[in-house]
Amino acid sequence: MNFLPFLLSIAGVAFAVDCPDFAEYALVPHGTPSSGPLALPYMRPSPACRTFNSSAVEQVILDMSARMKDPDLARLFENTFPNTLDTTVKYFNASENVAFIITGDITAQWLRDTANQFAHYAALLTLDSNLADLVKAIINTESRYVAAYPYCGAFQPPPESGLGTSYNEYAELVDVYPSVDNTTVFECKYEMDSLSGFVKLSRTYYEKTGDSSFMNDNWFNAIDEVFRVMDEQAQSSFNEDWEYVVYYRFTGLTGSTQPPVYNEGAGELKLYTGMVGTHHRPSDDLSTFAFLTSGNAMMSVEMAHLADMLDQVGVAANLSSLARSWSTTIKDAIYEYAVDDRGVFAYETNGMGTKFFMDDANVPSLMSLPYLGFLEKDDPNYLATKKVIQSRENPYYAKGQNFSGIGGPHVRSWFPWPMGHASVILGSDDDQEIIDALNLLANSTSGLGLIHEAVDIYNGSSFRRPWFAWANSYFAEAVLDLAERKPYLIFNDNVSYVPGSM
């Protein structure tokens, strides 16, 4: 196992500690196994090797572990809840207001992943000021990224960090417009949920702390760029004068690992609907049709939250009005263009009458629509859609003897993504459905006690990415949701638990 030098700072004094590479560490069981039938290992790095320590996080682990009736589920929560802070905070300086968060085994900061990696810590921001400072620094760093490169979703370390850039073979020989600097940008795939994730992280921080100090020039510049991209990507491929208009393109050139993209890198043609187009999906895969229903649902929700936040702070009334208008326009367009005669949501549309029916486990997904806040769990359209996407009508649903679920084209078709079951939990009021999803998740770790990216339905010991912080955080978020909403399913009693309430 490789050991990496790690700078630990205590009382302002930094010293080097040899810490294992967590990508390798996560492949081997550690610690005393849990007392349940799965005997799951303890997969946290030692305190000296954790990239961020929070007493509030440790208290939640103690609170939850003391009450959970399944020792294997308790161990899985113990491993996953702190995983983002334990392993992915590669740089943080509160005085600089700068931070760099990696996804896990890829040394780059994805806007989407970061928002999801920190979502389950929201309730702790008033309990741990250092954690709140970290999130504020993330927002500031991402403001700089978005303001400069709003079409890009993954970034290199900020210069203040002193960290070297990472080589990305998938960014080589790729024609990107507008052009980017690969010392700042790790990968410039335009995924609309990256921008929604940035807005979500910002407004969640404000909702929990009441602190609007992150709304600096960087942040407002970034918000302006979000609206510019939305306006550009909502337009038809041809304008009123039949001029072909391209605001963004991404296509692999000869010798690239990325495929060539039709229409000179602009993707499938689209006609104005009121929705916002996207070039890539939340999975980083190319869209088939530009108008991603779940991505637009998330954008609609986050625009409404953005407007509420701006109104509460009492700033930028023009931006608030614009955000609220976008929220309504997008939602109306989804119901006009993306729902079929059965009441089922299509995954993608093009505004020309074509609908593509499928779902992908990556959030935002159709399965995650209640989690996103777009509709209620008992919404008739949602229930009709669930039946379709959990059946053979979804080309990316696969079922095996020991594991099943929704995957996507990002990996092999018989590799469902465990995070899809977290979306099932967060979108369901059916106790048995939730229990079944929990059991599938607990049994999906190949005995390693962490949530993986994707699992082979034919061979449970075959999986992708042993260290995937977003999946760990999302699972922990689903368990915390049950602790508050349906405590009797995971606790020995029926008393709700919210972090900080004990």
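Student: Which residue in E11 is the bridge partner of Leu292?
Tutor: Glu348 in E11 is the bridge partner of Leu292. This is a predicted model: local features need pLDDT of at least 70, side-chain atom pairs need 80 or more, and totals for chains, interfaces and linings use all residues. Residues are numbered from 1 along each chain as its sequence is written, and side-chain values use heavy atoms, without hydrogens or water.

Student: How many bridges join E10 and E11?
Tutor: Two, in the antiparallel sense, with E11 at residues 348-349. Pairing takes at least two DSSP bridges; strands are DSSP E runs of at least two residues, helices H or I runs of at least four.

Student: What's the strand order in that sheet?
Tutor: E10-E11-E12, open and antiparallel. E10 (291-292) and E12 (355-356) are the edge strands, each pairing on one side only.

Student: New topic. Is helix H13 buried or exposed?
Tutor: Eight of its eight residues (419-426) are buried, so H13 is largely enclosed by the rest of the structure. Buried means under 20% relative accessible area with a 1.4 Å probe, protein chains only. Among them are Met419, His421 and Leu426.

Student: What do the buried residues of H13 pack against?
Tutor: Helices H11 (369-372), H14 (431-442) and H15 (469-485), plus strand E14 (404-406). Contact is heavy atoms within 4.5 Å.

Student: How many cavities of 30 Å³ or more?
Tutor: Five. A cavity is a set of points on a 1 Å grid where a 1.4 Å probe fits but cannot get out.

Student: What volume has the largest cavity?
Tutor: About 270 Å³, counted as space filled by probe spheres on the joined grid points.

Technical notes:
On a 1 Å grid over the protein atoms alone, a cavity is a set of points where a 1.4 Å probe fits but cannot get out, and a pocket is an open set with protein on both sides within 12 Å along at least five of seven lines; lining residues have an atom within 4 Å of a point. Buried means under 20% relative accessible area, exposed over 50%, partly exposed in between (1.4 Å probe, protein chains only).
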